[in-house]
Amino acid sequence: MEKESYLIKQVSLFSENKPGRLATMAKAFLDEGINIKAFSIAEADGFGVIRVLVDKTREAYDKLAELGFNVAYTDVIAVIMRDEPGGLYEIAQTLANASINIEYSYAYSGKDKAVLILRVDHVEEAIEHILNAGFNLVRQQEFL
Amino acid sequence: MRYWDKAIETIQPEELEKLQVKRLQETIKRACHVPFYQHRLQEAGISADDITKTSDIKNLPFTKKQDLREGYPFGFFAVPLKEIVRIHTTSGTTGKPTVVGYTKGDLDNWSDLIARNLTMIGLSDDDIFQNMVNYGMFTGGLGFHYGAEKAGLTTIPSATGNTKRQIEMIHDFCVTAIHCTPSYALHLAEVAEELQIPLDSLKTGIFGAEPWSDQMRTELEEKLRVTAFDSYGMSELYGPGVAFECPEHNGLHIWHDSFLVEIIDPATGEPLGPNERGELVITPLTKEAMPLLRYRTGDITMLLDDVCPCGRGRKIARFTGRSDDMLVIRGINVFPSQIEHVLLSIPEVAGSYMVYVDRVNHMDEMIIEVEINRQFFSGELADLKTIRERIQRALRDVLELRTNVRLVEPGSLPRFEGKAKRVIDRREKM
Ligand SMILES: [Zn+2]
C-alpha cells in the first residue's frame with residue numbers, strides 16, 4: 001500500500017557504553033563507503049542503542065552483524081520540517097491531536113531542509129495524519 | 001542394565017555396613033602413619049579398635065582442606081615415597097597447592113571406580129571416548145583416561161585447547177562420548193555450529209569439575225544432542241569418579257564401599273538426616289597413600305531417601321554449590337548456582353554471565369553482567385530495559401537481594417575452557 005512507501009528502515013544496534021564502540025561502527029561504515037544521514041544514541045544504565053539512517057541500509061546491517069554487533073531494523077518515518085521557529089511544534093501538535101505517541105525522535109538540518117525522524121506507536125495512522133496536515137514525508141530511496 | 005562389578009554395586013545394607021566398618025578400621029590404622037592423625041586421634045582418645053559400627057565415625061576428628069595445605073608437600077602421605085607412583089596437585093586460590101599421592105593400589109581402585117561409572121551409563125568397548133580435560137596436574141585427565149581404557153573404551157586423550165581440532169576429531173573419528181566441563185561443552189557446541197560441522201556420532205556427554213544446573217542440562221542436551229551425565233569427584237578423594245549419575249538422572253550414586261558418607265551442618269558440624277541439605281563429609285575407605293578421616297569437601301548436597309530402580313546404593317543430590325563458593329552479600333547467603341538457575345530460565349539471556357561483588361560505601365553491591373540472546377534484540381531501548389528489569393526482578397525473588405544487572409553485547413563475555421570462574425569478589429578482605 002501507499003503508506004508503506006513512507007516507512008524508512010533505521011538500523012538499530014545494541015551497544016554497551018564502552019570506549020570504541022561508536023568508532024568501530026563508524027569505521028565499518030567508512031570501509032564500506034556507507035554514508036550516515038542521521039543518527040542518535042539512546043542510553044540506559046551501562047548500555048544503549050545506536051540508531052542510524054544510512055544510504056545503504058542492507059550493507060550497513062550485514063557489515064555490523066558480521067562484526068558481531070547485535071543489529072535490528074526499526075521502521076521510522078521522516079517528516080520534512082519547516083526550518084524556522086514553530087517547525088517542530090506543528091508536527092508534534094498534529095500527532096498529539098491524533099493521540100499518537102512519539103516513542104522517540106531525532107532530527108537533522110541539511111542544506112535544503114530540516115528532517116524530523118519519528119518512531120511512533122501507530123505508524124500508519126501517523127503517516128495518514130501527517131500527510132493530511134499537508135506535511136511531506138521522505139521516502140527511503142530519497143536517502144540514496 | 002550392565003554392571004562393572006555387580007556384587008559390590010548392589011551390595012545389601014547389612015553386608016555394606018560390615019564392609020565399611022572393616023575398611024574404616026583399616027583406614028584409621030593407615031592414618032596412624034601420618035603425624036597429624038596420630039595427634040588428632042590421641043587427643044580424641046580413639047583408635048581403630050573402638051570402631052564397631054559406622055556411626056562411631058562421629059567420634060573421629062574432621063579434616064579440612066587447610067590441614068592438607070599445612071602438610072605441604074608430603075605431610076599426609078601414610079606410606080614411604082617409594083610406594084607412591086603418582087602425584088597430582090590441586091591449585092588453591094591462595095598459597096601452596098594441595099598435594100595428593102597414589103600407590104599402585106590407589107590407581108587401580110580409582111580406575112576401577114571410573115570403569116564402574118562408565119559402564120553404569122551404558123558405555124563399553126563399542127564406544128569412542130574423547131577426554132577433553134586437562135591432562136596435567138588436574139586429576140580429571142589421567143583419572144578418566146585410565147578408567148576409560150580399563151572399561152575398554154577407545155580413548156582419545158585430546159586434552160584441552162584447539163576447539164576446532166577437537167570438533168574435527170569428534171566428527172572424523174565418530175566419537176560417541178565426551179568428557180569436559182559443561183561450560184566448555186557449550187563453547188564446543190557454538191563453535192561446531194559456526195563451523196557447520198555436525199557432531200551426529202555423539203550420544204553421551206559427561207560433565208563435571210563445576211556444578212551445572214538442570215537448565216544447563218537441557219541446553220547441553222539440545223545443542224550437542226547427547227544424554228548428559230553429572231560426574232563428581234575431587235583430587236583429595238582420588239579425583240573424578242566418587243559419585244556419578246545413573247541413567248535415571250535422579251541424583252548421583254556415590255560408591256559406599258569406597259567412601260563413607262556423612263552430611264553435616266557446615267556451621268555446627270552436627271550430622272543431618274536424609275533429605276536434609278548440608279556439607280558432604282567423606283571418609284575414603286580404600287585409599288592407601290593418603291588416607292583421610294572425615295574430609296570436609298565444602299560441597300553442599302543431601303543423601304536421598306529413595307531406592308534407585310537401577311539396583312545400586314543410596315544416592316546424593318546433584319550439587320547446588322560449594323559452601324566456600326557461597327557469597328555473603330549484605331548478610332544474605334548466595335550460591336552462584338542460584339544465579340545461574342535464574343538466568344538460564346530466562347529465554348532472553350544467552351549462556352554466559354559474570355558476577356562481580358564490590359563494596360561501595362560499606363555496602364555490598366552485586367553486579368551481574370548478562371549477555372542477551374541475539375534474537376531477542378528488537379532494536380528498542382525500551383525493550384532492553386524491560387528485559388533488564390525482568391532479570392533483576394527474577395533474581396530478587398530468588399536471592400532476596402537487589403542486584404545490578406548490566407546487559408552486555410552477545411559474545412562479549414569470557415568463555416571458559418577449564419573451570420568456569422564467573423564470580424569475582426572484589427571486596428577487600430576484612
Ligand atoms: Zn541408579
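What arrangement do the four donor atoms form around the zinc ion? In this predicted model, the arrangement is tetrahedral, because the angles subtended by the four donor atoms run from 94 to 124°. Four donors count as tetrahedral if all angles lie between 85 and 135 degrees. For four tetrahedral donors the ideal angle is 109.5 degrees.

The zinc ion takes its protein donors from chain B. They are B:Cys246 (SG), B:His253 (NE2), B:Cys308 (SG) and B:Cys310 (SG). These donors lie 2.1 to 2.3 Å from the ion. Along the sequence, the donor residues follow the spacing C-x6-H-x54-C-x1-C. Two of the donor residues, B:Cys308 and B:Cys310, are both buried.

Chain B also contributes to an interface with chain A. Here 17 residues of chain B are in contact with 25 residues of chain A. The two chains bury about 1,600 Å² between them. Carbon and sulfur atoms account for 54% of that area. On the chain A side, the residues losing the most area to chain B are A:Phe14, A:Phe47 and A:Asn70. Together these three make up 38% of what chain A buries.

The structure holds one cavity of 30 Å³ or more. The volume of the largest cavity is about 50 Å³. Residues of chain B line it, among them B:Leu68, B:Tyr72, B:Pro73, B:Phe76, B:Phe77, B:Val99 and B:Met290. The lining also includes B:Gly71, B:Gly75 and B:Thr98. By class, seven lining residues are nonpolar and three are polar. None is charged.

Technical notes
Residues are numbered from 1 along each chain as its sequence is written. Chains are lettered from A and ligands numbered from 1 in the order in which they are written. This is a predicted model: local features need pLDDT of at least 70, side-chain atom pairs count only at pLDDT 80 or more; totals for chains, interfaces and linings use all residues. Side-chain values use heavy atoms; hydrogens and water are left out. On a 1 Å grid over the protein atoms alone, a cavity is a set of points where a 1.4 Å probe fits but cannot get out, and a pocket is an open set with protein on both sides within 12 Å along at least five of seven lines; lining residues have an atom within 4 Å of a point. Grid points are joined across faces, edges and corners, and a volume is the space filled by probe spheres set on the points. Ala, Val, Leu, Ile, Met, Phe, Trp, Tyr, Cys and Pro count as nonpolar, Asp, Glu, Lys and Arg as charged, and the others, Gly among them, as polar. Donors are N, O and S atoms within 2.8 Å of the metal (3.2 Å for Na, K and Ca); water is not among the atoms, so sites may look incomplete. Four donors count as tetrahedral if all angles lie between 85 and 135 degrees; four count as square planar and six as octahedral if opposite donors are over 155 degrees apart and all others between 65 and 115; anything else is irregular. Buried means under 20% relative accessible area, exposed over 50%, partly exposed in between (1.4 Å probe, protein chains only). Contact means heavy atoms within 4.5 Å. Buried area is the accessible area (1.4 Å probe) that two parts lose on being put together, summed over both.
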